[in-house]
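Please keep the sequence and the model in view while reading the points below.

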Amino acid sequence: MKVINLGATHSVVNAYMAQLRDVELQKNRTLFRNNLKRIGHAMAYELSRTLAYSDKEVRTPLGVKVVPTYDDRVVVGTVLRAGLAFHEGFLDIFDGADSAFVSAYRDEGSREELQIYIDYLATPKLDGCTFLLVDPMLATGGSMELAYKAFVRAGVPARLHICSVIASREGIERLQRVFPSDEVTLWVAGVDDELNEAAYIVPGLGDAGDLCFGPKLSGVF
Ligand code: PRP
Ligand code: URA
């Protein structure tokens with residue numbers, strides 16, 4: 001798996017990341033979701049350079065212009081619920097893309113007891129598509145791995161791009177083992193070294209789902 005860290009070079013992405021991580025600014029949920037969306041825009045733009053392009057003739061009011069446009073059938077798949085704002089950023093850029101959704105929630109406890117449940121899947125056929133699997137937090141990597149395994153029940157994509165905002169080193173190493181091929185790309189905007197006892201990324205940004213949408217009850221089911 002190839003890893004591309006947009007945070008490793010200076011760009012406006014770092015300014016969005018600084019706002020996302022800031023405990024005071026996090027009180028503004030609209031700003032938090034908007035920053036996830038803006039990082040989705042930037043990542044989607046960078047990723048768009050890797051697609052397959054062919055020339056198309058476009059008729060303007062005054063003539064015809066040949067413009068290279070991409071031929072990939074893009075599907076954006078996201079992990080509910082923290083992935084929603086990030087997902088929207090990708091859809092803004094890939095406006096013809098289909099969407100796929102999977103639910104995954106971590107039943108919180110100690111790292112040893114951490115359980116991840118998948119109980120909802122809504123996806124188009126994925127055979128031959130360019131699949132963008134987007135989830136802002138890559139902590140243990142368990143949600144991303146299980147989400148991918150759920151999605152491929154709907155077919156095997158031709159290309160896989162895994163898109164995250166903050167990844168832990170442990171999460172990256174896990175995905176490297178799951179996806180050893182360089183054909184798979186992991187895009188991130190920041191890499192943090194540690195996971196704490198509850199498997200949160202440190203320094204990270206906290207609980208992305210709660211910061212987008214408010215706290216959730218655990219143990220309801
Ligand atoms: C977050 C995030 C990922 C997962 C990452 O979701 O959106 O799906 O944690 O952790 P992992 O790499 O250790 O699996 P969370 O379970 O907090 O659910 P939420 O989006 O409903 O808040
Ligand atoms: N999920 C989050 O929202 N944050 C983390 O740090 C880890 C998992």
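Helices (H or I, at least four residues) and strands (E, at least two) are DSSP runs, numbered from the N terminus. In these terms, Pro157 is placed in the loop between helix H4 (142–151) and S11. The model is a predicted one. The protein contains six helices and 16 strands, and the points below pass from its overall form to its sheets, one helix and several individual residues.

**Overall form**

- A compact globule of 221 residues would have a radius of gyration near 17 Å, and the 18 Å of the protein agrees with this.
- Taken along the principal axes, the box filled by the C-alpha atoms is roughly 65 × 40 × 30 Å.
- Of the 221 residues in the protein, 45% are buried.
- Among contacts with a separation of 6 or more, 68% are made by residues 24 or more positions apart.
- The protein exposes about 11100 Å², and carbon and sulfur atoms supply 53% of this area.

- Strands of a sheet pair through backbone hydrogen bonds, either parallel or antiparallel.
- Seven strands form an open sheet with mixed pairing, in the order S1-S13-S11-S9-S4-S5-S8.
- Strand S1 (2–5) and strand S8 (121–122) are at the edges with a single partner strand each, so one side of each has no neighbour in the sheet.
- Three bridges join S11 to strand S13 (residues 185–188), and this pairing is parallel.
- Within this pair, Cys163 is opposite Trp187 in S13.

**The sheet of three strands**

- A further open sheet has three strands in the order S10-S12-S14, and the pairing is parallel.
- Strand S10 (137–138) and strand S14 (190–192) are its edges; each has a single partner strand, so one side of each lacks a neighbour in the sheet.
- S10 and strand S12 (residues 166–168) run parallel and are joined by two bridges.
- Leu138 has Ala167 in S12 as its bridge partner.

**The hairpin**

- S2 and S3 form a hairpin, with four residues between the two strands.
- Strand S2 (residues 53–59) pairs with strand S3 (residues 64–70) in the antiparallel sense, over seven bridges.
- Tyr53 has Tyr70 in S3 as its bridge partner.

- In helix H3 (residues 83–93), the buried residues are Gly83, Ala85, Phe86, His87, Gly89 and Phe90.
- An α-helix has 3.6 residues a turn, so residues three or four places apart point the same way.

- Thr50 is located in the loop between H2 and S2.
- The relative accessibility of Thr50 is 36%, so this residue counts as partly exposed.
- Apart from neighbours within four places in sequence, Thr50 is in contact with His161 and Trp187.
- Thr50 and Tyr70 are 20 residues apart along the chain, and their C-alpha atoms are separated by 9.5 Å.
- Pro157 has a relative accessible area of 12%; because buried means under 20%, this residue counts as buried.
- Not counting residues up to four places away in sequence, Pro157 touches Leu126, Gly128, Cys129, Phe131, Tyr148 and Val152.
- Pro157 and Val178 are 21 residues apart along the chain, with 15 Å between their C-alpha atoms.

**Backbone features in loops**

- The peptide bond from Leu80 to Arg81 is cis, with omega near 5 degrees.
- Arg81 belongs to the loop between S4 and H3.
- The peptide bond from Val202 to Pro203 is also cis, with omega near 0 degrees.
- Pro203 belongs to the loop between strand S16 (201–202) and helix H6 (208–213).
- Ala199 is a residue other than glycine with a positive phi, near 65 degrees.
- Ala199 is in the loop between strand S15 (194–195) and S16, and with a relative accessible area of 1% Ala199 is buried.

Technical notes: Residues are numbered from 1 along each chain as its sequence is written. Chains are lettered from A and ligands numbered from 1 in the order in which they are written. This is a predicted model: local features need pLDDT of at least 70, side-chain atom pairs count only at pLDDT 80 or more; totals for chains, interfaces and linings use all residues. Side-chain values use heavy atoms; hydrogens and water are left out. Two strands pair if DSSP finds at least two bridges between them. The radius of gyration is taken over C-alpha atoms; the globule rule is 2.2 Å times the number of residues to the power 0.38. Buried means under 20% relative accessible area, exposed over 50%, partly exposed in between (1.4 Å probe, protein chains only). Contact means heavy atoms within 4.5 Å. Accessible areas come from the Shrake-Rupley method with a 1.4 Å probe; for residues, only the protein chains shown count as cover.
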